[in-house]
Amino acid sequence: MAHEVEGVIATEAGAPVSIATVLVPDPGPGEALVSVQACGVCHTDLHYREGGIGSDFPYLLGHEAAGVVDAVGPDVTGLKQGDFVILNWRAVCGQCRACLRGRPWYCFATHNAAQKMTLADGTPLSPALGIGAFAAMTLVAAGQCTKVNPTIRPEVAGLLGCGVMAGLGAALNTAGVSRGDSVAVIGCGGVGDAAILGSSLAGARKIIAVDVDDRKLDWARQFGATDTINSAAADPVEQIRSLTEGNGADIVIEAVGRPETYTQAFYARDLAGTVVLVGVPNPQMRLELPLLDVFGRGGTLKSSWYGDCLPTRDFPMLVDLHLQGRLPLDKFVSETIPLTGVEEAFAKMQRGEVLRSVVLL
């Protein structure tokens with residue numbers, strides 16, 4: 001049996017999204033059918049629409065989501081109808097070399113649903129990040145469903161499915177920010193502000209927010225930034241050094257994904273400091289650094305995949321912190337919108353007017 005729902009579809013690179021009828025099959029082995037309650041509008045969805053991730057059009061967009069399990073496949077354990085879940089795009093396999101070494105957050109064989117969701121005429125859809133949650137129902141691998149406390153509001157919970165988790169994890173998991181560290185975050189959108197929040201939660205003594213938009217810098221202070229730099233008006237490398245006794249920050253998190261800002265991050269860190277790239281570059285971008293500087297400055301250069309998170313470990317813990325009033329995830333929700341508002345939400349994102357627009361279904 002196929003369930004008929006409306007979904008947000010990207011049909012070709014650069015074209016506006018459209019609403020179309022989507023057929024969602026009942027779950028087969030290892031799969032779960034989820035009634036989506038909320039889904040954030042993430043920059044990755046815009047990348048899909050622009051053709052910046054792949055060319056497997058048409059795409060069913062949406063991936064930063066929370067909802068309730070409607071049904072599970074015959075062999076699924078640990079998940080049942082009625083469970084409130086956050087969807088994730090890292091369903092770990094448990095068998096690859098990373099999983100077997102006890103590092104499942106680096107799983108090299110994450111999996112998605114085997115069956116395809118389709119358009120009404122039978123055209124198979126490519127779900128964004130294997131999820132496709134800009135629809136009232138979606139079909140995913142059961143391992144993509146992480147059960148959490150159902151008292152959290154779905155529009156808040158879903159943000160942990162991608163952007164907020166990416167930023168929090170970049171600080172807490174990848175960078176390992178600890179008490180007394182100085183941290184600079186370049187790029188203060190949703191991911192960057194989440195990195196600022198994670199650094200504050202970890203006890204960083206100084207958190208420097210860098211952006212070209214004063215509005216975003218004001219938002220960054222709400223998440224724990226102690227200092228702000230408008231890099232359109234001042235050299236961020238010099239300013240970060242000035243704010244850190246001339247040394248540079250212990251950790252610099254780059255949340256833009258551009259060669260220019262990564263170079264700034266590289267030179268704004270202290271000797272033997274750490275740079276974490278969590279901003280997503282496009283395939284055409286290239287980075288050039290003097291190899292002698294890479295050698296001579298020492299330290300660590302890292303990239304952060306999904307905040308190096310393990311959903312089964314991190315999502316329930318972060319939800320509990322939010323419900324205890326210790327993690328203000330609700331501050332990321334700029335607005336809630338209907339399914340028809342996704343295209344305008346992309347425009348607001350590009351203009352820097354929102355941290356997150358969230359679709360309610």
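**Close-up views of a predicted model**

**View A. Strand β1 pairs with strand β4.** β1 and β4 (residues 59-60) run antiparallel and share 2 bridges. In this pairing, I9 stands opposite L60 of β4. The structure shown here is a predicted model.

**View B. Strand β1 also pairs with strand β2.** β1 covers residues 2-10, and β2 covers residues 18-25. Their pairing is antiparallel too, over 8 bridges. Look for V5, which faces V22 in β2.

**View C. Helix α4 packs against helix α10.** α4 spans residues 163-174, and α10 spans residues 311-323. The two axes lie 12 Å apart and meet at an angle of about 105°. Angles of 65 to 115 degrees count as roughly perpendicular, so α4 is roughly perpendicular to α10. On the α4 side, M165, L168 and N173 make the contact. On the α10 side, the contact residues are R313, D314, F315 and L318. Sorted by type, the residues of this contact are 4 nonpolar, 1 polar and 2 charged.

**View D. Three aromatic residues form a cluster.** The members are Y48, F57 and Y59. Across the whole structure, a search finds 7 aromatic pairs.

**View E. An arginine sits over a phenylalanine ring.** The residues are R97 and F108. The charged end of R97 is 4.1 Å from the centre of the F108 ring.

**View F. R297 lies over the face of F266.** Here the distance to the ring centre is 5.9 Å.

Notes
Residues numbered from 1 in each chain as written. Predicted model: local features only at pLDDT ≥ 70, side-chain atom pairs only at ≥ 80, totals over all residues. Heavy atoms only, no water. Axes fitted to C-alpha atoms, helices over the stretch in contact; angles between N-to-C directions. Helix = DSSP H or I, 4+ residues; strand = E, 2+ residues; numbered from the N terminus. Parallel < 35°, antiparallel > 145°, perpendicular 65-115°, else oblique. Contact = heavy atoms within 4.5 Å. Nonpolar A, V, L, I, M, F, W, Y, C, P; charged D, E, K, R; others polar. Phe/Tyr/Trp six-rings, centres within 6.5 Å; stacked < 30°, edge-to-face > 60°. Lys NZ or Arg CZ within 6 Å of the ring centre and 35° of its normal. Pairing = 2+ DSSP bridges.
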